[in-house]
Amino acid sequence: MSTASAAPRTGSVLADLLPASRTKDIALVVGGAALTGLAAQIAVPVPGSPVPVTGQTFAALLVGAGLGAGRGFLSLALYALVGMAGMPWFANGTSGAGGASFGYVLGMLLASTVVGALARRGADRSVPRTAGTMVLGSAIIYAVGVPYLAASAGMSLTAAVAAGLTPFLLGDALKAALAMGLLPAAWKLIGRKG
């Protein structure tokens with residue numbers, strides 16, 4: 001039976017500390033998709049915006065950081081594909097690919113992959129690096145989601161920024177602060193137990 005090494009090294013993500021197996025990888029991918037779907041149900045409407053504040057983006061970034069780029073990508077791809085196929089686990093229990101907020105789901109797929117790649121390089125091990133990683137992940141989500149919102153809702157890019165970015169910045173700062181506490185603390189705890 002293999003165990004985690006005493007001193008986790010750069011090149012590992014949190015999921016790598018579990019004994020390696022294909023079954024574990026499948027469970028982590030499915031679990032990451034389910035976590036994202038569950039977090040999407042924590043939704044608060046934003047007046048004047050077709051996009052609610054959700055826990056979905058936070059979950060997607062944590063999935064990337066915890067699982068790494070490959071498993072993070074697969075997890076968010078599974079989340080997107082199953083939601084497109086009709087599973088009501090997008091924000092507010094919706095599904096399908098046509099909604100105004102679907103671009104954010106696509107952005108989460110890319111962001112989870114990038115955050116996972118950065119986490120593998122140690123970007124989730126200190127507060128400042130985790131902050132930068134979460135900011136970059138959020139920026140990627142907006143870079144895909146806001147133009148998609150503009151196109152799908154017939155808005156100008158300025159209106160899409162006002163409806164699909166600006167109202168979410170404070171919440172994203174709070175989510176980043178939470179990640180800045182959770183991820184480095186998890187690594188520190190693992191280092192002590194090793």
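**Confidence, a pocket and a loop residue**

Helices (H or I, at least four residues) are DSSP runs, numbered from the N terminus. This is a predicted model, in which local features need pLDDT of at least 70, side-chain atom pairs count only at pLDDT 80 or more, and totals for chains, interfaces and linings use all residues. Residues are numbered from 1 along each chain as its sequence is written, and side-chain values use heavy atoms, with hydrogens and water left out.

The protein chain averages a pLDDT of 91, and 93% of the residues score at least 70. Over residues 1-7, pLDDT stays under 50, and the model has four contacts (heavy atoms within 4.5 Å) beyond four places in sequence for them. Where pLDDT is low, the predicted coordinates should not be read in detail.

The lining of the largest pocket comprises 13 residues, and Leu14, Leu35, Leu62, Val63 and Gly66 lie nearest the centre of this pocket. Helix H1 (22-40), helix H2 (56-67) and helix H7 (169-193) are the elements that give two or more residues to this lining. A pocket is an open set of points on a 1 Å grid over the protein atoms alone where a 1.4 Å probe fits, with protein on both sides within 12 Å along at least five of seven lines; lining residues have an atom within 4 Å of a point.

Asn92 lies in the loop between helix H3 (69-84) and helix H4 (102-120). Phi of Asn92 is near 60°, a positive value in a residue other than glycine. Asn92 is exposed, with a relative accessible area of 53%; exposed means over 50% relative accessible area (1.4 Å probe, protein chains only).

Terms used. Buried means under 20% relative accessible area, exposed over 50%, partly exposed in between (1.4 Å probe, protein chains only). pLDDT is the predictor's confidence in each residue, from 0 to 100.
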